[in-house]
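Work through the exercises below with the structure in view, and try each task before you read its solution.

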Amino acid sequence: MYQDNVIRPRMTDSPAFLGGTAAVVFAAACLSGAGQSGLGGLLAPVVNSLSAPALRTVAVALTLALAFTANIHLIGKLPLRGQVIAVWTELLLLFLVFFDSFDLSYSFIGTKVGFMITQGVLTTVYVSAISIAFAFVFALLGSTAKLSGNGFAVAVASFYTSFFRGVPLLIQIYLIYLGIPQLGYVVDAIPAGVMALSLCYGAYMTEIFRAGIMSIPKGQWEASRALGLTPWHTLSRIILPQSMRLIIPPTGNQFIAMLKDSSLVSVIGVWELMFLARTQGRAEFRHLEMLITAAVLYWALSFVLERVQAHLEKRFNRAHR
Amino acid sequence: MISPTAQPSTALLSPGPLTTGPIVSVQDLKKWYGPFHALKGIDLDVAVGETVVICGPSGSGKSTFIRCLNLLEDFQEGRVVIDGQPLTREPAAVAAIRRSVGMVFQQFNLFPHLTVLENLMLAPRLVHKTPEQEARATALAYLNRVHIGAQADKYPDQLSGGQQQRVAIARALCMRPRILLFDEPTSALDPEMVKEVLEVMGELAGDGITMLCVTHEMGFARRVADRVIFMDHGQIVEQGPPGQFFDAPQHPRAREFLSQILSH
């Protein structure tokens, strides 16, 4: 958003806001029976002496409300960057407490995490990378076909995007893996998974490419025509190179989304991250350990890719102001 | 005047006419946008080397008219012959006409992802299959001719409006057209940049290339034009040599237009 230069009084300094927040937290904690929850256990040394359950809940709720309100009041005094770091840290800590309350076996995670990275993360990344490359080609073909004056091309492309955007990816994966062998070609799990992912994401990206192409001003087409360029040269030399600037950033976004959707190909037995998360913990009933490990690995991957994407975006903008 | 650094102009222009007839011939050109009758029968012959300025109030159809001449706009009726080639909507005819007609736009329409030099070399390389060395030499010669040889490796965004428009003129010239169309070439420019573009256009007119300019620059029209055409409501209302048009306009609408445009 475009910030105004006006300095408004901080909301987190206003007694009315702080009081209201405290009241809401207190009420919510009371209604949810905070005294009986794990939080009650944490405060047990203090509140245990209060034998009446209702009194215990009130005490816990009051503590919670005061702690929360004091917290936002204090963080509110920091500059923006400090606020972001402080809140991130707090949310992360809460997350860790939440995970820790599952009573996880960290030694079990320790024995499996290496394999989950070398086999799972690696497979996830390369399946996604190959798929996004194919999806890029499908999107290029789909968007130019949709914008062409050729009825066949328009029909095939719009049928393609309609089907692959309209059907759940999971069903597409099954249809390709189980359906193509009916035609007499046996496909392995990884090629089938790559095919499904790239066709599906190609369909989404067709729309991104189409918007990118249509955003190029009419004058660029007219100048190309007036110079006598053929339609093919106009597209390949003038229009597409310029639309790439608008297409690359959302494509990065799609890649991050695909990284997570690639977990769906685990259903056909590709040994990627999700498949390992489901199978590695099974023998010892350590499902949560493996799921949480996979969640953290996916998150870390996306985090790295987000950084890469932000960097790319900056570079593309610098080249063309 | 041609700058002393430029090559002799005859070396840079296309060979002379094969016939002595008009190089542009338009008969009864009519165009509709849906129910709106944009051009109501335009007749115009332009001689080789002639500089024609087309003026008129906005919405009079002057831009539409010159955009019809290289089929950036289509038209429903009438006959257009350019350099001996009848203008139809057939690809070969359109390609031939676009090869002999260059165009300069109000918004420059340079290719922002290419450097100035690449902007100039692209079409000769792709359309004329000119070897790279030759295309580069031609491009540099024309850049010098529009007085911006030093900017060859910059991107269009790094240039001022006036410089960009001169690049656009050089880009059109690199295709060695026989006719140049200008569609309000100075309307998007800051006032202090108008002069440098008009000077280049004046030099071109002096070199004998055939020019059709849609412009509101009446000083330029008076100095450079061989003929001024006044359009209103999709018709040519009045035409004549600039002296006659500016000093003794016949038609009331032309008189009104001139009094408004010259009084400010």
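**Exercise 1. Find how many salt bridges the whole structure holds, and examine two of them.**

Step 1. A search over all chains finds 20 salt bridges, where a salt bridge is a side-chain nitrogen of Lys or Arg within 4 Å of a carboxyl oxygen of Asp or Glu. The model is predicted, so local features need pLDDT of at least 70 and side-chain atom pairs count only at pLDDT 80 or more, while totals for chains, interfaces and linings use all residues. Side-chain values use heavy atoms, without hydrogens and water, residues are numbered from 1 along each chain as its sequence is written, and chains are lettered from A and ligands numbered from 1 in the order in which they are written.

Step 2. Within chain A, A:Glu207 pairs with A:Arg210, and their closest N and O atoms are 3.2 Å apart. These two residues are separated by about one helical turn because they stand three residues apart in helix α9 (residues 189-214) of chain A.

Step 3. Between chain A and chain B the count is one salt bridge; B:Arg67 forms a salt bridge with A:Glu222, with 2.6 Å between the closest N and O atoms.

**Exercise 2. Describe the contact between the two chains.**

Step 1. Chain A gives 17 residues to the contact and chain B gives 20 residues, contact meaning heavy atoms within 4.5 Å.

Step 2. About 1800 Å² is buried between chain A and chain B, and carbon and sulfur atoms give 64% of this area; buried area is the accessible area (1.4 Å probe) that two parts lose on being put together, summed over both.

**Exercise 3. State how chain A is divided into domains.**

Step 1. Chain A consists of domain 1 (11-100) and domain 2 (107-320), with bounds that come from an automatic or database domain assignment.

Step 2. The C-alpha centres of domain 1 and domain 2 of chain A lie 42 Å apart.

Notes
Helix = DSSP H or I, 4+ residues; strand = E, 2+ residues; numbered from the N terminus.
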